[in-house]
Amino acid sequence: MKPKCFKFVLLTITGLLPVVVQAAEEGGENLLALKWNLWVWTLLTFGVMFGILAKLAFKPIAEALDRRSLTIKKSIEDAEKQRAEAKKLLDDYQKQLAAARAEANKIIEEARGLGENVRKEVVEKANAEASALLQRSQEELQRQKEKGIQELKDTVASLSVQIASKVIEKEVDESTHRQLIESLIKDLGRMRKA
């Protein structure tokens, strides 16, 4: 049986289903008994609708499917070309990478030799500078220590004079003594900040 005939028979049977269902609903008459006028009108309606669809819809749908098929084929061909180009580029990049690695290894070996010489010079120079810096730091530390001791002596002398002057001015009981000490501690804190 040809595909078009098979489709027609299938569509005809599908079109007759409403007739069979209606006959079954109308009271249990013989389902196989056909009402010729209903059957003729159903087939006529089905034929007209099938003709309209064949004339207006089937051809544009088939054309759209053909265009879509061509688009897909073209996309596949383009993808294959791009894959081949990408493989070629990958091979080229791998060759360039291998050459670059060889060159890098050569440069690294040269740099190691040069680096060892520079390292020795830098270490010697750094040791000399460190020794000089250490000497200067020790001298500066000694000066700062002496300066700190002198400032401490000056502060103690100043505080002693202040304590003595305040003690002479007032008769000191225990609460006054505490206030005096706290006052001097605050003064000492201000002098250190200044």
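Tutor: Helices here are DSSP runs of H or I with at least four residues, and strands are runs of E with at least two. The model is a predicted one. Counted that way, the chain has three helices and zero strands.

Student: What order do the elements run in from the N terminus?
Tutor: The order is α-α-α. Helix H2 covers residues 36-169.

Student: How much of the chain is buried?
Tutor: Buried residues account for 6% of the 194 residues. The chain exposes about 17100 Å², and 63% of that comes from carbon and sulfur atoms.

Student: Which residues form the nonpolar patch on the surface?
Tutor: Trp-41, Leu-44, Val-48, Met-49, Ile-52 and Leu-56, with about 640 Å² of accessible area together. Val-48 lies in helix H2 and is partly exposed, at a relative accessible area of 44%.

Student: Switching to charges. How many salt bridges are there?
Tutor: The count is four. One of them joins Arg-112 to Glu-109, with the closest N and O atoms 2.8 Å apart.

Student: Where do Arg-112 and Glu-109 sit relative to each other?
Tutor: They are three residues apart in helix H2, so about one helical turn separates them. Arg-112 is exposed at 55% relative accessible area, while Glu-109 is partly exposed at 48%.

Student: And what about Arg-143?
Tutor: Arg-143 forms a salt bridge with Glu-140, the closest N and O atoms being 2.5 Å apart. Both residues are in helix H2, three residues apart. Arg-143 is partly exposed at 46%, and Glu-140 is partly exposed at 32%.

How values were computed: Residues are numbered from 1 along each chain as its sequence is written. This is a predicted model: local features need pLDDT of at least 70, side-chain atom pairs count only at pLDDT 80 or more; totals for chains, interfaces and linings use all residues. Side-chain values use heavy atoms; hydrogens and water are left out. Patches are made of residues with over 30% relative accessible area and no salt bridge: like charges are joined within 9 Å, nonpolar side chains (Val, Leu, Ile, Met, Phe, Trp, Tyr) within 5 Å. Accessible areas come from the Shrake-Rupley method with a 1.4 Å probe; for residues, only the protein chains shown count as cover. A salt bridge is a side-chain nitrogen of Lys or Arg within 4 Å of a carboxyl oxygen of Asp or Glu. Buried means under 20% relative accessible area, exposed over 50%, partly exposed in between (1.4 Å probe, protein chains only).
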